[in-house]
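Student: Can we go through this model together? I'd like the backbone first, then the strands.

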Amino acid sequence: MQFGSRRRKIINSAQTELYGHSVQFYGQPPLENISLTEFETFAVERLKLLKTVETLGVSFVKHSEQYSKKLESEFKNLNFPYRPETDDRKIQTGPSEFEKRRKDHISHFILRLAYCQTEDLRRWFIQQEVDLFRYRFNDLPPKQKLEFLHRNNLQYDTISVEEKKALQDKLVNSSYAVSGITVEDQDFYKVPFQDALDLVRTRKVYLKAGYVYIPHQDIVTIVLNDFRTRLSKALALTARSLPAVHSDERLQPLLNHLSHAYVGQDYSIQKNVGKISLDQIDSLSGKSFPLCMRQLHQALRENHHLRHGGRMQYGLFLKGIGLSLEQALQFWRSEFIRGKVDADKFDKAYAYSIRHMFGKEGKRTDYTPYSCMKVILSNPPSQGDHHGCPFRHSDPELLKQKLQVYKVSPSGISQILELVKGMHYQLACQKYFELTHNIEDSSFSLNHPNQYFVESQKVLGGGKDIKRETDPQQRSQENATTRASTAAQDTAAKDVAEMTEDLDSFFQDG
């Protein structure tokens with residue numbers, strides 16, 4: 001992808017050919033110039049789409065009616081290509097089909113750059129793109145599927161009616177969910193057996209003279225294997241070119257941010273300043289804190305200290321749920337002086353960093369509570385640390401014991417551990433939310449610890465915000481704090497990467 005003022009090298013006819021189909025293997029990278037604004041917008045919207053694919057894939061049976069309806073809705077909301085043959089008959093009110101396909105193509109390659117950096121990122125990206133591709137390919141009419149195969153050098157042809165009749169008994173006996181009636185009504189593909197080893201291994205197809213005969217509904221297995229292999233190789237090649245990409249000071253921060261990106265509500269804006277009293281925190285930690293914050297709170301109460309990674313993660317979370325600066329100073333001081341830190345050392349070594357977190361020192365930047373992706377992917381905990389994501393960073397057996405202590409049912413623990421095994425850490429946390437709040441299906445997609453708290457308070461409070469009574473003097477003080485916080489937020493920078501780097505230095509233990 002090219003940036004700057006270089007002359008556009010791609011001509012309209014080549015672009016038209018590239019975007020002539022709604023489904024592709026993304027074999028040819030885009031060559032046109034795009035703005036940095038478009039670069040970021042495309043990437044964030046594709047990331048939203050892939051996160052929806054991940055959530056739906058675990059919450060619903062893939063290709064069920066509910067799964068398809070919700071994914072179709074997301075395609076339309078984010079303006080990605082979907083069923084052009086039906087859309088063309090309607091009056092065009094949004095982006096054209098060409099524009100949607102262009103966005104789909106470019107956004108895929110942008111996320112390749114962001115998600116090729118580590119094995120975990122590559123694995124996640126490949127799985128979501130494969131699921132997305134499967135949905136799109138299955139939605140193609142039979143004729144377009146065959147065209148797609150030939151266009152991508154998968155020279156698999158359907159067998160003739162005469163050959164199908166001659167092999168009918170063999171096809172019925174060897175193919176899953178195929179009867180004599182359906183043999184007549186559907187196409188069968190003749191494929192070299194080495195291209196269909198998964199189907200051969202599971203004995204789902206008829207094998208003869210080095211070829212397998214694959215029913216129409218199973219050809220997607222072959223295509224997906226090919227797509228997965230191509231994408232895996234492409235990500236490995238992309239990773240080799242990262243040093244050159246990172247030399248561009250405009251792209252490096254964007255790409256690093258995308259791999260940890262959070263695309264939901266901004267919880268740096270405190271809407272409930274002072275509504276949480278310090279006396280409530282112990283109770284709230286057991287009822288409304290996500291597991292990551294619950295374990296941090298427990299470790300703080302037991303050890304009267306947290307290392308800098310834990311203080312950053314937990315301190316910003318508490319700020320996000322409504323603790324004022326004065327409350328935060330009181331909270332941390334009262335806990336630390338119960339341990340090995342006296343009041344004088346706290347004021348010298350720790351109070352400044354708390355004021356800095358609230359934008360009252362240094363650059364006066366309003367720091368943002370960590371999202372789930374940031375907790376999962378950055379700064380993994382080491383010996384003696386309590387921060388991080390329990391679903392990502394805890395040993396499964398220790399996680400199981402912790403869930404048992406928190407009264408999660410055995411069947412619920414099994415569901416959570418299965419999600420963890422599949423590396424669906426946020427979905428495991430969402431399942432924990434459902435189990436601890438006794439609800440069948442949460443109506444949100446969990447992406448942030450503070451979102452967990454807000455949704456918990458809605459469930460426990462019947463949709464109302466948490467409230468507490470305060471005396472007039474305290475209310476006046478807290479209103480002043482709110483006004484000061486709001487004024488600071490109006491001038492605060494929003495560069496999360498820069499904020500984290502600055503804050504790290506202030507939270508180091510002495």
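Predicted model: local features only at pLDDT ≥ 70, side-chain atom pairs only at ≥ 80, totals over all residues.

Student: OK. What is the phi of Asn-153?

Tutor: Positive, about 60 degrees, although Asn-153 is not a glycine.

Student: And where does Asn-153 lie?

Tutor: In the loop between α7 (142-151) and β1 (157-158). Helices (H or I, at least four residues) and strands (E, at least two) are DSSP runs, numbered from the N terminus.

Student: Is Asn-153 buried or exposed?

Tutor: Asn-153 counts as exposed because its relative accessibility is 65%. Buried means under 20% relative accessible area, exposed over 50%, and partly exposed in between (1.4 Å probe, protein chains only).

Student: What about Lys-407?

Tutor: Lys-407 is not a glycine, and its phi is positive, near 65 degrees. Its loop runs between α23 (396-405) and α24 (410-421). Lys-407 is exposed, with a relative accessible area of 73%.

Student: New topic. Which strand pairs with β1?

Tutor: Strand β2 (residues 188-192), antiparallel, over two bridges. Two strands pair if DSSP finds at least two bridges between them. Thr-158 stands opposite Tyr-189 in β2.

Student: How many bridges link β2 and β4?

Tutor: Five, again antiparallel, and β4 covers residues 211-215. There, Lys-190 stands opposite Tyr-213 in β4.

Methods: Residues numbered from 1 in each chain as written. Heavy atoms only, no water.
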